[in-house]
Amino acid sequence: MTYPPPADSPSDPWSQPSAPPVDPTLPVSGQPTGGDPYAPADPYAGMKMGQAPPVADPYAVPGYAPVGHPTPGYPGYGYAPPPRTNGMAIAALVLALVGIGSCITAPIGAILGHVARKQIRETGEGGEGMAKAAIIVGWILTGLLVLAILFYVALIVLAITTSDSGSGSGSGTGYGY
């Protein structure tokens, strides 16, 4: 930009030439008008006898069309309230996670997770992710618990088989005299 501004530009470089605002109700050139744009609309047009007039949604946002199909909880909008979370899925996840410290509740949490998934499929409740997490965490912790028990049993067996049995001198008393 040069200082001072050239003679053909406005004195304020940020200003734009002002134009009158366009009336959105006026037809654009080349479009058929279809009648008087200012005529009042008949709210009962297209209704059959005995029908109630359509009621405007007081919560509708102007300029946004509803998405998807209407749902019972929120008519005209494409979303429904979140489904209830299955209580057994919550309990399964809690028991599976408590199994990290207690080790005994992990298999209970995994089994409850399987039961919760079956209930969720039948009832359509929420909590599918919690039930899956309970199953995964519960069975992994149960497997680690079984491996730990097998490791300790193997250590005990190894300790018993390699320990001195006491029959070193042949006296038969077992005291090694």
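Which residue forms a salt bridge with Glu128, and how far apart are the closest N and O atoms?

What we have here is a predicted model, where local features need pLDDT of at least 70, side-chain atom pairs count only at pLDDT 80 or more, and totals for chains, interfaces and linings use all residues. Residues are numbered from 1 along each chain as its sequence is written, and side-chain values use heavy atoms, with hydrogens and water left out.

Let's start with the overall layout. The chain has 3 helices and 0 strands, giving the pattern α-α-α along the sequence. Helices here are DSSP runs of H or I with at least four residues, strands are runs of E with at least two, and both are numbered from the N terminus. Of the 177 residues, 13% count as buried. By buried I mean under 20% relative accessible area; exposed is over 50%, and partly exposed is in between, using a 1.4 Å probe and protein chains only. The chain exposes about 14200 Å², with carbon and sulfur atoms supplying 68% of that area; these areas come from the Shrake-Rupley method with a 1.4 Å probe, and for residues only the protein chains shown count as cover.

Now to the helices. The expected span is 1.5 Å times one less than the number of residues. H3 has 35 residues and reaches 51 Å from its first C-alpha to its last, close to the 51 Å expected.

Where do the buried residues of H1 sit? Ala89, Ala92, Ala96 and Gly99 are buried. Seen down the helix axis, the buried residues fall within an arc of 75 degrees, so they line one face of H1. That arc is taken from the directions from the helix axis to the C-beta atoms. These residues pack against H2 and H3. On H3, the buried residues are Ala131, Ala134, Ile135, Gly138, Leu141 and Thr142, and they pack against H1 and H2.

Back to my opening question. Glu128 pairs with Arg117, with the closest N and O atoms 2.9 Å apart. Glu128 lies in helix H3 and Arg117 in helix H2, so the pair ties together parts that are 11 residues apart in sequence. Glu128 is partly exposed at 27%, and Arg117 is partly exposed at 25%. A salt bridge here is a side-chain nitrogen of Lys or Arg within 4 Å of a carboxyl oxygen of Asp or Glu, and by this rule there are 2 of them.

The other one joins Arg84 and Glu125, at 3.4 Å. Arg84 is in the segment before H1 and Glu125 in the loop between H2 and H3, 41 residues apart. Arg84 is exposed, at 63%, whereas Glu125 is partly exposed, at 22%.

Glu125 has another partner, Asn86: their side chains make a polar contact at 2.9 Å. A polar contact is a pair of N or O atoms within 3.5 Å; within protein, one must be able to donate a hydrogen and the other to accept it, and residues adjacent in sequence count only if both atoms are side-chain atoms. Asn86 lies in the segment before H1 and is buried, at 1% relative accessibility. A side-chain oxygen of Asn86 also reaches to within 2.7 Å of the backbone nitrogen of Met88, at the start of H1.

Technical notes
Contact means heavy atoms within 4.5 Å.
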